[in-house]
Amino acid sequence: MARLAVVDYDSCHPDKCGGMPCIRFCPVNRGGVIAIEASRDRDGKPVIYETTCIACGICVKKCPFEAIQIFNLPDEMEKMVVHRYGVNEFKLYGLPTPVQGKIVGILGRNGIGKTTSLKILGGEIIPNLGEPDKKISYEDVLRRFRGSEIYNHFKELADKKIRVIHKIQRVELVQKYVKGYVRDVLKKVDERGVSKDLIDLLSMSSMLDKKISELSGGELQKLTIAAALSRQGDLYMFDEPSSYLDVRERLKIAISIRELVPKNVKTLVVEHDLAVLDYISDYISIVYGEPGAYGIFSKLYGVGAGINHFLQGYLPAENMLIRREPIKFLEKESFEETPAGDKKILVTWSFIRKSLGEFLLEAEEGEIYRSEVVGVLGPNAIGKTTFVRILAGELLPDEGFTSTIGMRISYKPQFITPNSIGGSEEDLVESFLKEKAPDLLKTDSWLYIDVTRRLGIHRLLQKRLGDLSGGELQKIAIAKTLGQEADLYILDEPSAHIDVEERITVAKAIRRDIENRNVAAIVVDHDLSMIDYISDRVIVFKGEPGLRGYAEKPKGLRKSMNSFLSTLGVTFRRDLKTKRPRMNKPGSYYDRLQKEIKEYYYTHPTEEIE
Ligand code: ADP
Ligand code: ADP
Ligand code: MG
């Protein structure tokens with residue numbers, strides 16, 4: 001067994017832990033051999049020597065901040081080491097092999113090495129083969145990978161034979177480096193003469209005369225994707241192309257990438273929206289391991305099988321269990337609206353009208369039952385947030401009423417900052433949660449087990465809200481919302497910035513919360529698989545973004561999805577094994593069939609016909 005010791009130096013506070021018990025209690029140190037000591041290079045924080053450490057786990061337990069992790073990994077794994085950021089830092093094993101003429105999708109948790117792998121395959125980082133202190137060159141890398149499939153790729157990188165086009169994950173960084181108007185930027189990069197098609201396909205005409213500095217997250221995302229597809233390269237990489245986009249735009253970027261990447265190039269895509277990843281990719285590589293500590297890339301699987309293995313939690317080629325329970329879709333009794341019968345109404349609203357500046361929202365009358373999750377689907381700027389804010393009592397309608405006045409409502413807003421969730425930049429996560437939702441910190445509560453630990457919040461307790469990443473703050477906001485006692489839970493875009501595994505954890509926690517308390521939840525989201533997974537019924541928004549929004553009444557999944565997808569002209573079928581929804585290729589057999597019978601959202605699993 002090989003030892004892997006990882007210290008989260010952000011979480012380590014030698015001044016607050018009571019005299020570094022990790023070092024004091026180390027039995028190896030006590031025996032006179034040093035396995036852990038305070039490091040001068042690290043401001044007195046501990047460094048662990050993997051050759052002498054015996055992985056007894058005592059320092060792991062003694063650290064009050066859960067900053068230390070120690071793993072025993074099989075010796076063979078060391079042959080797969082590709083990169084390590086530093087001593088006691090994140091370690092990457094294996095890489096997804098790019099394939100000429102094909103799109104390889106990458107699926108895995110946040111902090112598991114996906115972006116790192118893109119940087120390595122794109123030549124931005126020369127992998128150090130696990131030895132951060134040595135100067136490693138491409139010659140060493142080539143020697144190491146001789147005889148393996150990825151050798152040719154590194155050879156091309158070393159010989160500078162590949163032009164790499166990288167759509168980066170953090171699109172907001174573009175505003176720092178690129179100035180000017182969208183129209184001019186697109187013109188400049190249009191080496192392939194496709195930018196007109198892209199402007200149409202992605203509905204970008206209204207943003208052409210804006211400055212880059214004025215763009216929203218969604219607009220930046222569309223611009224960077226369009227710019228990448230406009231350029232001529234040999235390796236295309238798209239890191240999380242669906243963030244900030246609404247459900248309609250997601251399906252369109254999926255079609256654009258699929259159709260417009262040049263024919264004979266290599267393409268890599270990292271994506272957390274399963275429907276999008278599924279549609280774009282030919283192959284899938286799954287990254288597993290321990291977020292923040294180590295990541296291991298699986299072999300390439302066919303896209304359908306790969307996503308199914310991920311959902312089932314078992315990788316057959318590796319013989320590796322990556323999760324104990326499988327993720328199952330379609331557990332609901334029915335996709336039809338069940339008769340009201342003995343269901344108990346929790347909330348009702350009448351026909352509602354509300355204008356805000358130029359925008360007018362109208363909503364059909366509707367109701368929500370106890371123990372029900374109602375999903376909300378629709379494009380951006382169509383009034384979804386306005387509608388839930390009316391239900392939450394934050395806005396009063398111009399016409400109509402809701403029965404929510406006086407109810408206890410726990411609401412997670414779409415855009416989260418320390419302030420918007422009721423805290424401040426300076427608050428420590430621990431004190432914030434202790435005040436707002438103390439049950440999250442009680443180690444015997446289900447919330448602690450199913451939310452706090454599952455989402456990794458217990459590792460963030462000593463951080464300030466102002467220092468958290470987008471995904472971390474999202475998880476805190478969700479946990480706080482679910483941890484409060486309420487009659488109605490409203491979550492506006494909970495899946496933003498969090499990974500697939502966390503989305504499922506959140507979906508399960510929402511279900512459990514409302515069933516335990518016999519209340520209800522409304523979930524607005526752009527991840528179709530998540531809405532499918534979580535919702536009993538769905539409210540569909542139609543209209544003209546920015547001008548007019550019309551909310552249909554909640555309907556069963558079959559009717560509502562049909563209503564939503566028919567306006568987009570996109571159809572979905574169901575996977576036979578895992579029953580997850582899969583988007584049909586335009587013009588494919590199922591696409592034609594389903595359009596003919598007007599079933600845009602097949603409720604029955606179908607056999608795959610290629
Ligand atoms: P993903 O894209 O899967 O979310 P990344 O590849 O960005 O993950 O990061 C994997 C791990 O490596 C994370 O724990 C991250 O904190 C760490 N990491 C990323 N970049 C650096 C760096 N430059 N120095 C040290 N650690 C890093
Ligand atoms: P969604 O949640 O579907 O993205 P919103 O409900 O946030 O949409 O917004 C719908 C439209 O109303 C948008 O065009 C937005 O700019 C506009 N809007 C929202 N709040 C106000 C306001 N207070 N004053 C004027 N316009 C507003
Ligand atoms: Mg990343």
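Here is a walk through this predicted model, from its overall build down to single residues. Residues are numbered from 1 along each chain as its sequence is written, while chains are lettered from A and ligands numbered from 1 in the order in which they are written. Because the model is predicted, local features need pLDDT of at least 70 and side-chain atom pairs count only at pLDDT 80 or more, whereas totals for chains, interfaces and linings use all residues; side-chain values use heavy atoms, with hydrogens and water left out.

Let us start with the whole chain. Its secondary structure comes to 21 helices and 28 strands, where helices (H or I, at least four residues) and strands (E, at least two) are DSSP runs numbered from the N terminus. Along the principal axes, the C-alpha atoms fill a box of roughly 75 × 55 × 50 Å. The radius of gyration is 25 Å, which agrees with the value near 25 Å for a compact globule of 610 residues; this radius is taken over C-alpha atoms, and the globule rule is 2.2 Å times the number of residues to the power 0.38.

How much of the chain is buried? Of the 610 residues, 56% count as buried, with buried meaning under 20% relative accessible area, exposed over 50%, and partly exposed in between (1.4 Å probe, protein chains only). The protein chain exposes about 26,500 Å², of which carbon and sulfur atoms supply 49%; the areas come from the Shrake-Rupley method with a 1.4 Å probe, and for residues only the protein chains shown count as cover. Contacts (heavy atoms within 4.5 Å) also say something about the fold: among those between residues at least 6 apart in sequence, 69% join residues at least 24 apart. As for charge, the mean positions of the 90 positive and 88 negative charges are 2 Å apart. Here Lys and Arg count as positive and Asp and Glu as negative, with His and the chain ends not counted; each charge is placed at NZ of Lys, CZ of Arg, CG of Asp or CD of Glu.

Next comes the metal. The magnesium ion (ligand 3) is coordinated by OG1 of Thr115 and OE1 of Gln169, at 2.0 to 2.3 Å. These two residues link distant parts of the chain, 54 residues apart: Thr115 sits in helix H4 (residues 114-121), and Gln169 in the loop between strand E8 (164-167) and helix H7 (174-177). Donors are N, O and S atoms within 2.8 Å of the metal (3.2 Å for Na, K and Ca), and since water is not among the atoms, sites may look incomplete. Thr115 counts as partly exposed because its relative accessibility is 24%, and Gln169 is likewise partly exposed, at 29%.

Leaving aside neighbours within four places in sequence, the contacts of Leu92 include Met80, Val82, Thr116, Ile120 and Phe297.

Leu157 belongs to helix H6 (residues 151-158) and is buried, with a relative accessible area of 11%.

Which helix is largely enclosed by the rest of the structure? That is H13 (residues 303-312), because eight of its ten residues are buried; among them are Val303, Ile307, His309 and Phe310. Gly313 follows H13, with a positive phi near 85°.

Finally, a word on backbone angles. Most residues other than glycine have a negative phi. Glu240 has a positive one, near 55°, in the loop between strand E9 (235-239) and helix H11 (247-260), and this residue counts as buried at 10% relative accessibility. Lys579 also has a positive phi, near 65°. Its loop runs between strand E26 (572-575) and strand E27 (581-583), and Lys579 is partly exposed, at 30%.
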